[in-house]
Each structure stands twice: as structure tokens, then as C-alpha cells.
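Before going through the points below, please have the sequence and the coordinates open side by side. The note moves from annotated positions to the surroundings of the ligand.

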Amino acid sequence: MHKSVQDIINMKKEKKKVSVITGYDYTLASLCDKAGIDVLLVGDSAGMVMLGYENTIPVTMDQMCMFTEAVSRARNNALLVADLPFMSYQASIEDAINNSGKLVKAGADAVKLEGGSIMAETISAIVDVGIPVMGHIGLQPQTTMLSEGYKVQGRTKDTAIKLIQDAKEIEEAGVFSIALEMVSHEVAQIISETVSIPTIGIGSGANCDGQVLVVQDLLGMYDKIKPKFAKRYMNLSEDIVKSLEDYKSDVESGTFPAEENWFSMNPDELKKLRE
Ligand code: KIV
Ligand code: NA
């Protein structure tokens with residue numbers, strides 16, 4: 001049986017840190033699950049990492065459902081959370097419920113949406129129909145058009161107070177966990193001490209109750225943006241390019257394929273064919 005929302009909530013009480021990985025495809029999600037990662041997040045960052053968009057704005061529900069289905073076929077152990085993409089929940093509560101339902105039918109155990117107190121009503125409506133919600137405050141990539149862009153959040157007293165208030169209000173609305181993206185580590189610590197549900201940080205310091213990284217960042221496969229918080233455990237893109245160069249040169253020289261890579265006819269049949 002895979003992890004439940006309650007298992008993740010309990011981890012905070014048991015003082016166990018929650019490991020979360022953003023992943024979008026069957027192959028990598030299988031490996032994340034095998035490694036025992038607690039939560040697999042099908043993030044709308046898929047738009048950038050998998051589809052090459054500049055930001056997450058163009059991502060559609062159909063795309064999110066496809067990625068969610070792929071990851072759901074891969075997971076045995078982790079909790080599966082899927083992002084509601086831009087404009088799938090903002091226009092109305094009806095949209096939010098219908099689209100959350102689509103992600104659940106695609107295999108998600110819970111959905112995630114961006115926004116603080118302004119999303120409280122939407123969050124409680126989704127929770128009321130039986131779908132767990134993860135909150136997401138701090139840097140909110142879906143609304144960076146309104147702000148100064150990809151910047152650290154909560155560096156001043158007023159923005160700190162607003163973030164803490166947002167965290168409290170979405171907890172009240174029923175989220176089971178809160179992603180904190182690029183929040184100053186001091187504010188992330190205060191929020192983590194204030195709410196009773198786990199906070200999951202990305203670029204928000206060591207005092208969050210869990211951490212999240214995009215698997216392609218962790219493996220060093222996505223080189224377009226290299227944020228300071230994205231610790232690289234490997235430099236896979238170099239190895240991949242090197243392997244592809246080796247393949248190309250093997251093809252050109254005729255070294256590949258070799259006998260172990262091809263198939264033969266039945267020898268008797270070959271004799272008959274040659275007669
Ligand atoms: O889309 C995503 O990957 C996310 C995480 C970074 C929290 O929302
Ligand atoms: Na996201």
C-alpha cells in the first residue's frame with residue numbers, strides 16, 4: 001500500500017523529514033519510488049522541463065493528466081500529488097473541483113495549487129468533496145507576471161507577516177501540507193513552527209519539515225536554469241551527451257551494431273532461401 005496523506009501529516013509529529021521529488025515520467029518516477037521517496041509531485045514545472053516552455057503558464061489540464069497517469073503507473077510506495085495548472089482553478093470553485101477530480105481520476109491522491117488567503121475558499125471547497133490539497137506559497141510561478149518575477153519572498157517584515165498569515169489561513173482551509181518556494185529561511189522556520197502540518201521547502205532553508213527538488217535538477221539533466229537551491233547530485237547531462245557522441249561515432253565507423261545486437265535467421269531456412 002502506498003503512503004497516505006495521513007502518513008505524511010504524521011511524519012511531522014514523529015519529527016521525520018519528508019522527501020519530495022517532482023517528476024513527470026514513468027522511467028524516472030519508477031526510480032524515485034524505488035528509492036523510497038515519500039511524495040512524488042507531478043509539478044506544472046513539467047511545462048518547462050518536459051515541454052520546453054519558458055514558464056508554467058501554457059500548461060494544460062490534458063498535459064497534467066497525461067504526466068499524472070504516467071507517474072501513477074510508476075509508483076508503488078509514494079504519495080502522489082499533482083499540480084493544478086494555471087487557469088484550471090482560479091476562475092471559479094466549480095473549475096477547481098472539476099479539474100481536481102480529473103487529476104484524481106488520472107491517479108493523483110491529492111492536488112496542489114498556488115496561493116495564500118485568496119485561495120482559502122477554493123481549498124476548502126476541494127477538500128469538502130474529498131480531495132486532499134497541498135498549498136503552495138512564497139514564490140508562485142503561475143503569478144510572477146504580477147510581481148518582480150523569480151525572487152526570494154519574505155525578506156521584509158510586512159511580506160513576512162503576510163506569508164505567515166497566508167500559511168495559517170490555508171491550514172485553516174484544510175491543506176494537509178504547504179510547499180514553501182524561495183521563502184527566506186527565517187520566515188520558513190516561523191511558518192514551520194506555527195502550522196501543525198508539514199511544510200515542504202524548495203529554496204527555503206533547512207527548518208522546513210520536508211524538501212522538494214525536481215528530479216532532472218537533482219540529476220543534473222536540466223541545464224537551462226540553475227537555481228542556487230537545486231543541489232546537483234550528478235552531472236548526468238554531460239554523461240548523456242558523451243554517450244550520444246560515442247553512439248554517433250560507432251554508427252559512423254560501423255562499430256555499432258555488433259553481432260550481439262542483431263538477430264539471425266534459422267540456418268536451415270537460410271539454406272533453403274539461398275537455394
Ligand atoms: O512544479 C513544481 O515542480 C513545484 C515544486 C517546485 C514545488 O511546484
Ligand atoms: Na508547480
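Two residues are in contact here if their C-beta atoms, placed from the backbone, lie within 7 Å. The model is a predicted one, and the points that follow should be read with that in mind.

1. According to the UniProt record, an unreviewed entry, the annotation "binding site" covers Asp44, Asp83 and Glu114. These residues are spread over 71 residues of sequence, yet they cluster in space, with a largest C-alpha distance of 10.8 Å.

2. Asp83 belongs to strand β3, which runs over residues 79-83. Asp83 is buried, because 30 other C-beta atoms lie within 10 Å, where 20 or more are needed.

3. Glu114 sits in the loop between β4 (110-112) and α6 (120-128). Glu114 also counts as buried, because it has 23 C-beta neighbours inside 10 Å. With residues up to four places away in sequence not counted, Glu114 touches His136, Gln140, Gln142 and Thr143.

4. Which residues surround ligand 1? The shell is made up of Thr22, Gly43, Asp44, Ser45, Asp83, His136, Ala179, Glu181, Ile202, Val212 and Val214. The elements giving two or more residues to this shell are β6 (177-181) and β8 (210-214), and the shell residues divide into 4 nonpolar, 4 polar and 3 charged.

Definitions and conventions. Residues numbered from 1 in each chain as written. Chains lettered and ligands numbered in written order. Predicted model: local features only at pLDDT ≥ 70, side-chain atom pairs only at ≥ 80, totals over all residues. UniProt positions renumbered as here; feature names shortened; annotations may be inferred. Helix = DSSP H or I, 4+ residues; strand = E, 2+ residues; numbered from the N terminus. Buried ≥ 20, exposed ≤ 12 C-beta atoms within 10 Å, placed from the backbone. Near = placed C-beta within 6 Å. Nonpolar A, V, L, I, M, F, W, Y, C, P; charged D, E, K, R; others polar.
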